[in-house]
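These are my notebook entries on a single protein chain. I looked up a few residues and elements in turn and recorded what surrounds them.

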Amino acid sequence: MSAHPEEVSSDDDLVSDVTFSVNRYHFGGFALKIKENTESYVGSHVWKAGIVLCEYFEKEKISFAGKKVIELGSGTGIVGILAVLLGGDVTFTDKSFILKRTKQNISANLPPSCKKRTKVCVLSWGDDQKNFPSNYDVILGADIVYCRSAYPFLLQTLKHLSNEMTTIYISSEMRPNLVSSIFHEKQLPPQFNYETVHRKESENIVVYKLTKK
């Protein structure tokens with residue numbers, strides 16, 4: 001029996017909207033309306049690293065046309081939504097309760113023709129990544145290096161999902177208290193080639209581009 005990713009329901013009323021706001025973002029000619037929780041917790045709103053990654057795609061005029069893309073820690077979905085609008089076939093992943101918000105934002109921002117190129121699936125790092133293939137062209141992650149205890153599981157997931165032809169973009173806010181540099185400078189290099197492709201000094205955010213060794 002083969003395993004398959006668990007897709008999230010397409011119902012639009014799955015999330016209780018007790019405390020939320022709708023904010024507008026503009027990248028590469030696209031205007032996005034993103035519903036975010038006003039309370040701050042993981043996956044609840046657009047993090048600065050996600051905005052910086054979108055700005056990088058805009059600045060570099062990156063196209064994902066014809067590319068098979070997977071996003072880790074999709075949260076509100078802003079990065080993956082832009083990747084779809086830039087031509088990609090995108091699988092959004094996160095924990096199930098977070099993906100309900102992701103699904104709402106996908107519905108609000110993508111026309112039917114683009115929605116056909118999306119999947120929304122539950123993915124717990126280090127647990128069920130083997131339910132997913134290893135032939136993605138692009139892996140995206142914005143502010144996913146935030147929990148030191150999860151670093152080994154994130155590394156396992158990146159290794160499984162990628163091959164030597166995969167391009168990985170990770171945008172990270174370098175928080176000293178979380179020792180993010182340990183993941184980027186010590187745990188990644190033995191397994192991946194990596195380079196810094198963009199840096200926003202004012203926010204202490206770095207965008208890394210990785211390929212598997």
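**Entry 1: Thr166.** I began with the side chain of Thr166, which reaches the backbone oxygen of Tyr136 at 2.7 Å.

The model is predicted: local features need pLDDT of at least 70, side-chain atom pairs count only at pLDDT 80 or more, and totals for chains, interfaces and linings use all residues. Residues are numbered from 1 along each chain as its sequence is written, and side-chain values use heavy atoms, with hydrogens and water left out.

I located Thr166 in the loop between H5 and strand E8 (167-173). Helices (H or I, at least four residues) and strands (E, at least two) are DSSP runs, numbered from the N terminus. Is Thr166 buried or exposed? Thr166 counts as buried because its relative accessibility is 0%. Buried means under 20% relative accessible area, exposed over 50%, and partly exposed in between (1.4 Å probe, protein chains only).

Leaving out residues up to four places away in sequence, I found that Thr166 touches Tyr136, Asp137, Val138, Ile139, Leu210 and Thr211. Contact here means heavy atoms within 4.5 Å. Leu210 is 44 residues from Thr166 along the chain, and their C-alpha atoms are separated by 8.3 Å.

**Entry 2: Thr157.** I next looked up Thr157, which lies in helix H5 (residues 151-161). Thr157 also counts as buried, because its relative accessibility is 0%. Beyond its neighbours within four places in sequence, Thr157 is in contact with Leu72, Leu123, Trp125, Gly126 and Gln129. For Gly126, 31 residues away along the chain, I noted a C-alpha separation of 5.9 Å from Thr157.

**Entry 3: E4 and its partners.** Why is strand E4 (residues 68-72) largely enclosed by the rest of the structure? I found that 4 of its 5 residues are buried, so the rest of the structure largely encloses E4.

E4 pairs in the parallel sense with strand E5 (residues 89-94), over 4 bridges. Two strands pair if DSSP finds at least two bridges between them. Lys68 stands opposite Asp89 in E5. E4 also pairs in the parallel sense with strand E7 (residues 138-142), over 4 bridges, and there Ile70 has Ile139 as its bridge partner.

**Entry 4: H2.** Just after H2, Gly87 takes a positive phi of about 105°.

**Entry 5: Glu36.** Glu36 lies in strand E3 (residues 30-37). Its side chain makes a polar contact with the side chain of Tyr25 (2.6 Å). The backbone nitrogen of Val46 lies 2.9 Å from a polar atom of the Glu36 side chain.

**Entry 6: the whole chain.** I counted 6 helices and 10 strands. Of the 213 residues, 49% count as buried.

Terms used. A polar contact is a pair of N or O atoms within 3.5 Å; within protein, one must be able to donate a hydrogen and the other to accept it, and residues adjacent in sequence count only if both atoms are side-chain atoms.
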